[in-house]
Amino acid sequence: SGLGAEIAKNLVLAGVNQLEMVDSATVSDQDATSQFLAPRDCVGQNRAEASLQRLQQLNPMVKVSADTGNTKDKESEYFKQFDVVVATNCNKDELIRINSICRAEKILFYA
């Protein structure tokens, strides 16, 4: 989404060590015009994978990766590898679930 792209851009430009985008959605016509990371010729492709190259170019010192899965399918163990989790485009129940995991593991969570 446009919000997710802006957050990812800001984190990469700030120089975090590593950033992983998790997004199971595909690039839509709206995405191609509302965010700059996914090129217009990537409509129909996975949004995280389509955004990977442009995001990596912003700061080659940051390890950027894409996960085409859905956060709903991620167990609590998955989130334990991160220091910070940022969620966009999740429904309320998913936000509560991720928040509970992060709170239990003392991981910063922003939504």
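Is F82 buried or exposed, and at what relative accessibility? At 16% relative accessibility, F82 counts as buried, because the cut-off for buried is under 20% relative accessible area. The views below show this residue and its surroundings in a predicted model.

**View 1. Y78, F79 and F82 make up one aromatic cluster.** Two aromatic pairs are present in the structure. Y78 and F79 form one of them, with an edge-to-face arrangement.

**View 2. Y78 and F79 are both buried.** Y78 has 16% relative accessibility and therefore counts as buried. F82, at 16% relative accessibility, is buried too.

**View 3. K74 lies over the face of Y78.** The distance to the ring centre is 4.7 Å.

**View 4. D83 sits in the loop between α4 and β3.** Helix α4 spans 76–79, and strand β3 spans 84–86. D83 is exposed because its relative accessible area is 68%, and the cut-off for exposed is over 50%. Neighbours within four places in sequence aside, D83 is in contact with I107 and L108.

**View 5. D83 and A66 are 17 residues apart along the chain.** A distance of 17 Å separates their C-alpha atoms.

Definitions and conventions
Residues are numbered from 1 along each chain as its sequence is written. This is a predicted model: local features need pLDDT of at least 70, side-chain atom pairs count only at pLDDT 80 or more; totals for chains, interfaces and linings use all residues. Side-chain values use heavy atoms; hydrogens and water are left out. Rings of Phe, Tyr and Trp (its six-membered ring) pair if their centres lie within 6.5 Å; planes under 30 degrees apart count as stacked, over 60 as edge-to-face and the rest as tilted. Buried means under 20% relative accessible area, exposed over 50%, partly exposed in between (1.4 Å probe, protein chains only). A charge sits over a ring if NZ of Lys or CZ of Arg is within 6 Å of the ring centre and within 35 degrees of the ring normal. Helices (H or I, at least four residues) and strands (E, at least two) are DSSP runs, numbered from the N terminus. Contact means heavy atoms within 4.5 Å.
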